[in-house]
Amino acid sequence: MVLVLRYVDSNGYVQERFFDIQRVKNTCALTLKEGIVDVLNHYNLPIENIRGQGYDGANNMSGKWNGLQSLFLEDCKQAYYVHCFAHRLQLALVKTAENLGPVWKFFSMLTSIVNLVTGSSQRIADFHSAQEDDINERLAAGELETGKGANQIGTLPRATDTRWSSHFNSVCSLIDKFDPTCTIIENISMNDPNVTCGVSQAQSIFEEIRDFKFVFVLHLIYEIMGTTEILCQGLQKKTQDIVNAMALVSNTKRLLTKLREDGWRHFIETVCLFCATHNIDMPNMEDRYMVGTGHSCQQYDNITVDHHYHIDIFNATIDFQLKELNRRFPEDTIELLVLSSCLDPREFFKSFNIENLCTLAKKFYPLDFIPQEVHTLRSELRHYGEDVVNHPSFKNLSTVSELCRQLVETNKAEIYRLVDRLIRLVLTLPVSTATAERYFSTMSCVKIALRNKMEEEFLRDCMMLNIESVLARNDSIDSIIDEFVALKDRKAKLK
């Protein structure tokens, strides 16, 4: 476990420094907390002074009720947790959706379809030919229009874990190329089993892809990912606009809620039209829902087919997505970030709002601003709005960290002491775990196979010299030699 401290130094610079690396007996939240507390206590750093905490997306760390963040919040109410903006949200949403059996089966089948269709250069060529035939037929029927860049021939992208949009792109491509995909899979399944491998697999996949449930889940994932795609792309931007980012979160939640409450009829009509267009058999939605075949077949008297698809799959999948978004972006965190954005100096302090900043200090940092200081802060902000906001030295700033440095350089941090304190508190909020992950990856360079028996203390020292090499350069070789010589003399005197 790597510990990184984020703080604002006396010159107004935001620092993220490697602090320690700990070997933990297990990864439960309580063990991780004990390890962090031991390190902080060793260096006399009170837990009460924590004003922000950030972890990766693992449940044992970021869980709201029993995760590491909740354990620290019990000891320090102002140790606010902000979900890592750099975390791959789409992959987390995919994993959450896979908690539902039909969705898990869909993604598993999607991978098999892509692997089968793109398994060789010959199959890719046949797939392109099938697309050409399909496009020509639809052009002749008047279903497509000609034009520059229209009706392009492509392939099925893999839904890998390395690209932000890979899952959504794969789903979109399958919908657009559904008939050519079915054609190539059927051709593979009709070959002689003794000649071509993968025939049995192709037969099984062809039956699945022509099934109504597969088509239903395909369109459901398309709708959900189409709603969350803008948010996933927005949160990975290098320069974060907190207001717009939080607006995307709120909009995504509202759109998913609207889809759940009012979107069923339109959605099922779209699925039915797709099935009719591609000659896929549809069940009678008013029949009793039955599970299994033959002797294992069970009929549910109180559940219709429509109820099963509507409640058990459609609503349940959206609920999983909303639950994941609410877990990662709770309303109090969104409010904290939106209020903090009022300090943003971009576009001539367009977001500056005195009331919101006073609310930020009063509601989220009551231990740092006593009631009397909140009144003083309001007065400071009035002068700050007339002075700093209109000062030429602050016109071209683009980040809050630049604002903090400029206040120190112009000595205005001494004049607006409480404003400077509020800015520093906001700057301690971590919105990315990239630094910690980068430091942790450094261990693979330090503790290699030739050094696999390295003790923890020596490993910690080597990582410190490797990571904080800029600070290490301040010590000359002669000073290091003198230090070791002094240690040797001290040991001799102790004897």
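Modeller: Let us begin with Phe212 and Phe216, which are 4 residues apart in helix H10 (residues 212–234) and are therefore separated by about one helical turn. Helices are DSSP runs of H or I with at least four residues, strands are runs of E with at least two, and both are numbered from the N terminus. This is a predicted model, in which local features need pLDDT of at least 70 and side-chain atom pairs count only at pLDDT 80 or more, while totals for chains, interfaces and linings use all residues. Residues are numbered from 1 along each chain as its sequence is written, and side-chain values use heavy atoms, without hydrogens or water.

Colleague: How many aromatic pairs does a search of the whole structure find?

Modeller: Rings of Phe, Tyr and Trp (its six-membered ring) pair if their centres lie within 6.5 Å; planes under 30 degrees apart are stacked, over 60 edge-to-face, and the rest tilted. By that rule the search of the whole structure finds 19 aromatic pairs. One of them joins Tyr80 and Phe364 edge-to-face, at 5.6 Å centre to centre with 75° between the planes. That pair links distant parts of the chain, 284 residues apart: Tyr80 lies in the loop between helix H3 (68–75) and helix H4 (89–97), and Phe364 in helix H16 (residues 354–364). Tyr80 and Phe364 are both buried. Phe212 and Phe216, by contrast, form a tilted pair, with 6.2 Å between centres and 45° between planes.

Colleague: Which residues do ring pairs link with Phe212 and Phe216 into a cluster?

Modeller: The cluster also holds Trp264, Phe267, Tyr309 and Phe314.

Colleague: How should I read the packing of helices, and at what angle do H6 and H8 pack?

Modeller: The chain has 24 helices and 4 strands. Axes are lines fitted to C-alpha atoms, for helices over the stretch in contact, and angles between N-to-C directions run from 0 to 180 degrees. Helix H6 (residues 121–140) and helix H8 (residues 178–189) pack at about 130°, their axes 9 Å apart. H6 and H8 are therefore oblique to each other; angles under 35 degrees count as roughly parallel, over 145 as roughly antiparallel, 65 to 115 as roughly perpendicular, and the rest as oblique. Arg123, Phe127 and Asp134 are among the H6 residues in the contact, and Pro180, Ile184 and Ile188 among those of H8. Contact means heavy atoms within 4.5 Å.

Colleague: What does H8 meet in H9?

Modeller: The axes of H8 and helix H9 (residues 199–209) come within 8 Å and cross at roughly 145°. Phe178, Cys182 and Ile185 are among the H8 residues that take part, and Val199, Phe206 and Ile209 among those of H9. Of the chain's contacts with a separation of 6 or more, 68% come from residues 24 or more positions apart.

Colleague: What is the phi of Glu347, and where does Glu347 lie?

Modeller: Glu347 has a positive phi of about 55°, although it is not a glycine, and it lies in helix H15 (residues 346–349). Its relative accessible area is 57%, so Glu347 is exposed. Phe348, also not a glycine, has a positive phi of about 60° and is likewise in helix H15. Phe348 is exposed at 53%.

Conventions. Buried means under 20% relative accessible area, exposed over 50%, partly exposed in between (1.4 Å probe, protein chains only).
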